[in-house]
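Please look over the sequence and the model before reading on.

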Amino acid sequence: RDPLISPMYASDEMLRQLPPVYLVACHLDPLLDDTISFARRLRAAGGKVESIDLVESVPHGFLNFTLMSPECRNGAKLCLGRIKQAFGLLPPSVKPPM
């Protein structure tokens, strides 16, 4: 139950101090429910969830398969776009390509 290992255990005060959060979840990920639960918890605590994206038809760890799968490659492009948004290199109103 250490919040440094799992932010689900962080206090509301700690969650409010996080920078805006960008979440990417996978359709075939056993952690999909945890991602959604964390986004709800963060919002309820007053934190900022900038985006939650669901990448269809890819498993957890899809970034390891970008050279073999067009779906994984598209998911990687989405992640890169969200990173650019987090650093202000892409306008927040633009949805990154998939």
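How many residues does helix α2 have, and what does it reach from its first C-alpha to its last? Helix α2 covers residues 32-44 and has 13 residues. The helix reaches 19 Å between those end atoms, close to the 18 Å expected at 1.5 Å a residue. The model is predicted.

Five names make up the buried set of α2: Leu32, Thr35, Phe38, Ala39 and Leu42. Seen down the axis of α2, these buried residues fall within an arc of 125 degrees, so they line one face of the helix.

The face turned away from that buried side carries exposed residues: Asp33, Arg40 and Ala44. Just after α2 comes Gly46, with a positive phi of about 95 degrees.

## What covers the buried face

Which elements cover the buried residues of α2? The cover includes α1 (12-16), β1 (21-28) and β2 (49-59).

Thr35 gives a residue-level view. This residue of helix α2 has a relative accessible area of 17%. Thr35 counts as buried because that value is under 20%. Leaving aside neighbours within four places in sequence, Thr35 is in contact with Leu23 and Ala25.

β1 and β2 pair in the parallel sense, over seven bridges. The chain crosses from β1 through α2 to β2. This β-α-β crossover is right-handed.

Note on methods: Residues are numbered from 1 along each chain as its sequence is written. This is a predicted model: local features need pLDDT of at least 70, side-chain atom pairs count only at pLDDT 80 or more; totals for chains, interfaces and linings use all residues. Side-chain values use heavy atoms; hydrogens and water are left out. Helices (H or I, at least four residues) and strands (E, at least two) are DSSP runs, numbered from the N terminus. The expected span of a helix is 1.5 Å times one less than its number of residues. Buried means under 20% relative accessible area, exposed over 50%, partly exposed in between (1.4 Å probe, protein chains only). The arc is that of the directions from the helix axis to the C-beta atoms. Contact means heavy atoms within 4.5 Å. Two strands pair if DSSP finds at least two bridges between them. A crossover is right-handed if, with the strands pointing away from the viewer, the path from the first strand over the helix to the second runs clockwise.
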